[in-house]
Amino acid sequence: ILKSIGNKQTDETERVTFTASITDSEIKDEEYFLEKQPSGATIHKDSGKFSWTPTNTQAGGYIFDIIVKAGPLEDRETSL
């Protein structure tokens, strides 16, 4: 299960970063993904580190999913 990430807010041209992680420390080799993310947003598949610097033309709200998978297990959280 993903630890709660919550909503994030930033201004255009200001970088937002956080690291997604899971609640069960016994699960190994999990991978992180994004779905429906804004252009330029990335997440490192192994560490869960998210990074995005919105441009001046990307003002407004964005809804996207952060997904973690470990074998057949999957969890996701919708972020704003």
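Student: A salt bridge is a side-chain nitrogen of Lys or Arg within 4 Å of a carboxyl oxygen of Asp or Glu. How many salt bridges does the structure hold?

Tutor: The structure holds six of them. This is a predicted model, in which local features need pLDDT of at least 70 and side-chain atom pairs count only at pLDDT 80 or more, while totals for chains, interfaces and linings use all residues. Residues are numbered from 1 along each chain as its sequence is written, and side-chain values use heavy atoms, without hydrogens or water.

Student: Take Glu-35. Which residue forms a salt bridge with Glu-35?

Tutor: The partner of Glu-35 is Arg-76, and their closest N and O atoms are 2.9 Å apart. This pair links distant parts of the chain, since Glu-35 belongs to strand 2 (residues 31–35) and Arg-76 to strand 6 (residues 73–79), 41 residues apart. A strand here is a DSSP run of E with at least two residues, numbered from the N terminus.

Student: What is the relative accessible area of Glu-35, and what is that of Arg-76?

Tutor: Glu-35 has a relative accessible area of 32% and is partly exposed. Arg-76, at 35%, is partly exposed. The class runs between buried (under 20%) and exposed (over 50%), with a 1.4 Å probe and protein chains only.

Student: Which Asp also forms a salt bridge with Arg-76?

Tutor: Asp-65 does, with the closest N and O atoms 2.9 Å apart.

Student: Is Asp-65 buried or exposed?

Tutor: Asp-65 is buried, its relative accessible area being 6%.

Student: On to Lys-69. Which side chain meets that of Lys-69 in a salt bridge?

Tutor: The side chain of Glu-74 does, with an N to O distance of 3.9 Å. Lys-69 is partly exposed at a relative accessible area of 36%, and Glu-74 counts as partly exposed at 45%.

Student: Which residues do salt bridges with shared partners join into one network?

Tutor: That network is made up of Glu-35, Lys-36, Asp-65, Lys-69, Glu-74 and Arg-76.

Student: A change of topic: in what order do the three strands of the open sheet stand?

Tutor: The order is 1-4-3, and the pairing is antiparallel. Two strands pair if DSSP finds at least two bridges between them.

Student: How many bridges join strand 3 to strand 4?

Tutor: Two bridges join these antiparallel strands. Thr-42, for its part, stands opposite Ser-51 of strand 4.

Student: Now Thr-19. Where is Thr-19 found, and what is Thr-19 in contact with?

Tutor: Thr-19 is part of strand 1. When its neighbours within four places in sequence are left aside, Thr-19 is in contact with Ser-47, Gly-48 and Lys-49, where contact means heavy atoms within 4.5 Å.

Student: What separation do the C-alpha atoms of Thr-19 and Glu-77 have?

Tutor: These two C-alpha atoms are separated by 13 Å, while Thr-19 and Glu-77 are 58 residues apart along the chain.

How values were computed: Helix = DSSP H or I, 4+ residues; strand = E, 2+ residues; numbered from the N terminus.
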